[in-house]
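Trainee: Could you help me learn to read salt bridges in a protein model? Please start with a case that we can look at together.

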Amino acid sequence: MTVSLLGATDIRRLAASLDVTPTKKLGQNFVVDANTVRKIVTAAAVQPGERVVEVGPGLGSLTLAILETGASVTAVEIDHRLAERLPQTAAERGVPEGALTVVDGDALRVTELPGEPTVLVANLPYNVSVPVLLHFLETFPYLQRGVVMVQAEVAERLAAKPGSKIYGAPSVKAAWYGPWRLCGNVSRQVFWPVPNVDSLLVGFERDTTPRGGEEERLRTFQIVDAAFNQRRKMLRQALSGVFGSSSAASAVLESAGVAPTSRGEDLTVDDYHRIARVQQGD
């Protein structure tokens with residue numbers, strides 16, 4: 001059975017039938033170009049038989065492109081009208097029964113995913129993209145890789161390396177789970193409505209061995225937040241609130257092999273993890 005994708009006319013007709021107008025509040029910019037959704041799926045290297053989770057499927061353009069590969073999809077949708085309509089759209093477009101599961105809910109609050117998907121593919125709402133990604137990586141350890149479309153500056157920040165001006169807390173927190181890479185550009189013109197920002201594809205692969213337990217992650221992220229909240233200051237000053245004083249911070253940093261005069265943007269995720277472990281006494 002062949003899955004047929006949605007075109008621009010199909011999407012507008014479907015939206016009109018549901019009385020759906022894309023809203024800025026929910027970050028809804030629907031992709032109306034079949035080549036673009038296939039490009040995303042190709043970048044994610046989705047294979048037949050894989051279980052994929054999609055966040056914010058909307059009217060289903062990317063969903064159908066994933067299903068076209070022979071993979072199955074768990075789709076998490078916050079808009080009740082769209083969540084209710086998506087299975088019907090899939091059936092009408094040739095998707096086999098059982099290939100699509102829809103979770104009607106807020107991606108930031110979901111704690112279980114049917115089928116334990118291993119791949120994340122999504123066109124993420126710009127206003128919640130980083131929180132959603134970090135929540136999914138933290139909550140679902142079976143997620144092994146993914147490619148998402150996000151605002152260009154968010155993608156660049158996620159994939160940034162130490163020493164760059166755009167390297168920040170999201171860069172370090174994302175790297176806790178594994179490496180990130182930029183996967184391609186997306187034209188503004190493939191969206192309805194056309195957004196006033198550029199988009200990029202960014203991908204990740206989870207490390208085969210977890211970096212540390214939950215307590216270590218929380219401690220590391222606390223240190224990361226403190227470092228970048230005052231990123232222009234030397235770490236011995238920026239971390240004085242975490243360790244009680246600048247002299248105490250200097251002692252911990254030196255024990256971790258990090259110069260107290262460094263700044264937050266100079267450190268890798270491994271550096272931050274070492275500082276957290278020294279603080280713990282490991």
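Mentor: Let's begin with E68, which is partly exposed at 32% relative accessibility. Buried means under 20% relative accessible area, exposed over 50%, and partly exposed in between, using a 1.4 Å probe and protein chains only. This is a predicted model, where local features need pLDDT of at least 70, side-chain atom pairs count only at pLDDT 80 or more, and totals for chains, interfaces and linings use all residues. Residues are numbered from 1 along each chain as its sequence is written, and side-chain values use heavy atoms, leaving out hydrogens and water.

Trainee: Which residue forms a salt bridge with E68?

Mentor: A salt bridge is a side-chain nitrogen of Lys or Arg within 4 Å of a carboxyl oxygen of Asp or Glu. Here the partner is R38, with the closest N and O atoms 2.7 Å apart. R38 sits in helix α2 (residues 34–43) and E68 in helix α3 (residues 61–68), 30 residues apart. Helices (H or I, at least four residues) and strands (E, at least two) are DSSP runs, numbered from the N terminus.

Trainee: Is K173 buried or exposed?

Mentor: K173 counts as buried, because its relative accessibility is 14%. Its side chain meets that of D225 in a salt bridge, 2.8 Å from N to O. K173 lies in helix α7 (residues 169–175) and D225 in helix α8 (residues 214–229), so the pair ties together parts 52 residues apart in sequence.

Trainee: How many salt bridges are there by this rule?

Mentor: The count comes to 17. D10, R13 and R93 are linked in a network of salt bridges.
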